[in-house]
Amino acid sequence: MTSTTPSYADLHRGTDRNAQESWGAPGTRRSRPGFWRAPFASLTYREVGHTLTSLPVAIAGFTFAVTMVALGLGTLVVWVGLPVLAAALAGARGLGAAERGRARSLLGLDVTAPGGRVTGLRGRLADAAGWKALLFQVVMFPWRVLSFVLSVTFLVTGWVVALFPAYSWVFHRYLDWPGYRLYDFTTDAGVHHAFYIESPAQTAAVSAVGLVLVFLTPQLVRGLTNVDRLAIRSLLSK
């Protein structure tokens, strides 16, 4: 008798017929990089690319959704609003297809598109997949703004701080500072306060803080893109 009990590996991968993640060449599966390799893995930068490109995409989608829905609702009294809303739902479906394509290429997420051919005004207005795609454009806008800001902040700050020893000489040579100046001010009482990062120990400590951020950034981006994965599975798939 053949056992149908799923193996631990299947449970660990979380296989799903309608939503699968795959990396590498078509037909192959590559495991995610470990903690120490993640900052240098192409997968990490594909996910970063997704969070960065999501901002202009989200702005366009949110603007389309809000404008079309507002126009449609505002003109319902003269019946013009119905075809406007139908057009909004058709456009949202198209934007949803583009989102699935981005998720497939950048996140390795392959989801099944909503089925069914929608025709006619009544069919368009009753299209649940269209309404969910329209909702996706609205609810994901603030999240993608946050994802963009966090991704850029951690990625840039981490590498700039981690590589501080490579350019710390610039401040002494061109600015006549003993090191990087964190603060320099004089109080009303005439007391002068200044702090510079100038000793080798201080420089190494700053670089260590940057390295911590470098290694935490892939984990942060992974968490951010997991929200996108969940939203795409919930609102843009069959």
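**Exercise 1. Composition of the chain**

How many helices and strands does the secondary structure of the protein chain come to?

*Solution.* The model is a predicted one. Its protein chain comes to eight helices and four strands. Read from the N terminus on, the elements follow the order α-β-α-α-β-α-α-α-α-β-β-α. Of the 238 residues of the chain, 32% count as buried.

**Exercise 2. Classification of two residues**

*Solution.* Step one is the cut-off: buried means under 20% relative accessible area, exposed means over 50%, and partly exposed lies in between. Step two concerns M68, which lies in helix 2 (residues 42–74). Because its relative accessibility is 18%, M68 counts as buried. Step three concerns Y180, which has its place in strand 3. Its relative accessible area is 33%, so Y180 is partly exposed.

**Exercise 3. The hairpin and its nonpolar patch**

Describe how strand 3 is joined to strand 4, and state which strand gives the most to the nonpolar patch.

*Solution.* Begin with the pairing: strand 3 and strand 4 (residues 192–197) run antiparallel and are joined by six bridges. Within this pair, Y180 stands opposite I197 of strand 4. Next, consider the connection. The two strands form a hairpin with five residues between them, and G190 in the turn has a positive phi of about 90°. Finally, turn to the surface. Y180, L182, Y183, F185 and F195 form a nonpolar patch there, with about 470 Å² of accessible area together. Strand 3 (residues 180–186) gives the most to this patch, with four residues.

**Exercise 4. Helix spans and a kink**

Compare the span of helix 3 and that of helix 8 with the value expected at 1.5 Å a residue, and locate the kink in helix 8.

*Solution.* Helix 3 (residues 81–107) has 27 residues; from its first C-alpha to its last it reaches 37 Å, close to the expected 39 Å. After helix 3 comes G108, with a positive phi near 70°. Helix 8 (residues 200–235) has 36 residues and reaches 53 Å between its first and last C-alpha, close to the expected 52 Å. The kink in helix 8 lies at L216, shortly before the proline P218, and comes to about 30°.

**Exercise 5. Separation in sequence and in space**

How many residues apart in sequence are M68 and G81, and what is their C-alpha to C-alpha separation in space?

*Solution.* In sequence, M68 and G81 are 13 residues apart. In space, their C-alpha atoms are 9.2 Å apart.

Methods
Residues numbered from 1 in each chain as written. Predicted model: local features only at pLDDT ≥ 70, side-chain atom pairs only at ≥ 80, totals over all residues. Heavy atoms only, no water. Expected span 1.5 Å × (residues − 1). Bend = angle between axes of the 7 residues up to and from the residue. Patch = residues over 30% accessible without salt bridge, like charges linked within 9 Å, V, L, I, M, F, W, Y side chains within 5 Å. Areas by Shrake-Rupley, 256 points an atom, 1.4 Å probe, with all protein chains shown as cover. Salt bridge = Lys/Arg side-chain N within 4 Å of Asp/Glu carboxyl O. Buried < 20%, exposed > 50% of the residue type's maximum accessible area, 1.4 Å probe, protein only. Pairing = 2+ DSSP bridges.
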